[in-house]
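Work through these exercises with the sequence and the structure side by side. Each task is followed by a solution in steps.

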Amino acid sequence: MTKTTREVFADAEELAIHGAALLNAAVETARRPPRICLAGGSTPKRLYELLAGPPFVFEFPWDVAHWFFGDERFVPHDHKDSNARMVSEALFNKVPVSSDNKHFVPTRASSPEVAAASYERELQKIYGAEALDPKEPMFDIVLVGFGDDGHTASLFPGTPAVNETTRWMATTVGVKPEPRLSLTFPVLNSARHVIILGAGASKADVVKRVARGEDLPLTKIRPTGELHWMLDKAAAGEK
Ligand code: 6PG
């Protein structure tokens, strides 16, 4: 049974501060060079910026942490919509992370499928197996956001990727302007900690629907470790 916590903060800035603090604390207790899987979109950007500043920038084990992406848009890493670009500008370009420790999704591959297969191989090589063991989570921390349709990462309602349990990374074309690549739920859930970040009133309806147990992609986030809901008041539907 997943241990779940839920915290509600006054606003997006408070959410980002506490999210950075939780990530920093969870990494401190990680049992090995920590593996952290990041979310894209706009919500986590401020958290990444705060991680790159005091006090976290002085405390964080930059030399050993390895960074991964839960999903990516199939665009070049310098494209305005690239998660790699967003995280690099908000975090990586400001802290001493070795390029060997940044595991970007290879979006210059010949196709989204080739990119997904390549990333899957890279993760399996690092994990040391092609099958996930619940007792050996792939990640120490996974950050995810969610959309007002209940998607998370790039796992969108009604798409085959939501039900993919064999592939570690799946592709979805035609839902968004650019092809999307996403780790699948078995991989996202293979984590000591999953942090679900939500800010803004547009997220409140999905939060309620998940709480009611509605079958949305976000509802499938059930980590082998601990699940932390971190919301601002607006997303929590509180005044
Ligand atoms: C992405 C994210 C996606 C995001 C949600 C919420 O690549 O866009 O992985 O799942 O977390 O769409 O996006 P916002 O944080 O911008 O609301």
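**Exercise 1. Aromatic pairs**

How many aromatic pairs does the count come to?

Solution. The model is predicted. Ring centres must lie within 6.5 Å to pair. By this rule the count is 10 aromatic pairs. One of them joins F69 and F92, with 6.4 Å centre to centre and 80° between the planes. Planes over 60 degrees apart count as edge-to-face, and F69 with F92 is such a pair.

**Exercise 2. Placing the F69–F92 pair**

Locate F69 and F92 in the chain, then decide whether each is buried or exposed.

Solution. Start with F69: its place is strand β3 (residues 66-69). F92 sits in the loop between α4 (83-90) and α5 (112-127). The two are 23 residues apart, and their pair links distant parts of the chain. Now apply the cut-off: buried means under 20% relative accessible area. F69 has 1%, so F69 is buried. F92 has 3%, so F92 is buried too.

**Exercise 3. Cluster and core**

Which residues have the most contacts inside the largest nonpolar core?

Solution. The core has 76 residues, and the answer is Y48, W67, L91 and F139. Helix α1 (residues 12-28) gives the largest share of this core, 7 residues. Take L91 next. Set aside its neighbours within four places in sequence, and L91 is in contact with Y48, L51, A52, W62 and W67. Then follow the rings: ring pairs link W62 and W67 with F60, F69, F92 and F104 into a cluster.

**Exercise 4. Backbone details**

Where is the cis peptide bond, and which residue has a positive phi although it is not a glycine?

Solution. The bond from P54 to P55 is cis, with omega near 0°. P55 is in the loop between α2 (45-51) and α3 (56-59). The positive phi belongs to A153, at about 50°. A153 lies in the loop between β5 and β6. Its relative accessible area is 13%, so A153 is buried.

Conventions: Residues are numbered from 1 along each chain as its sequence is written. This is a predicted model: local features need pLDDT of at least 70, side-chain atom pairs count only at pLDDT 80 or more; totals for chains, interfaces and linings use all residues. Side-chain values use heavy atoms; hydrogens and water are left out. Rings of Phe, Tyr and Trp (its six-membered ring) pair if their centres lie within 6.5 Å; planes under 30 degrees apart count as stacked, over 60 as edge-to-face and the rest as tilted. Helices (H or I, at least four residues) and strands (E, at least two) are DSSP runs, numbered from the N terminus. Buried means under 20% relative accessible area, exposed over 50%, partly exposed in between (1.4 Å probe, protein chains only). A nonpolar core is a set of buried Ala, Val, Leu, Ile, Met, Phe, Trp, Tyr and Cys residues joined through side-chain atoms within 4.5 Å. Contact means heavy atoms within 4.5 Å.
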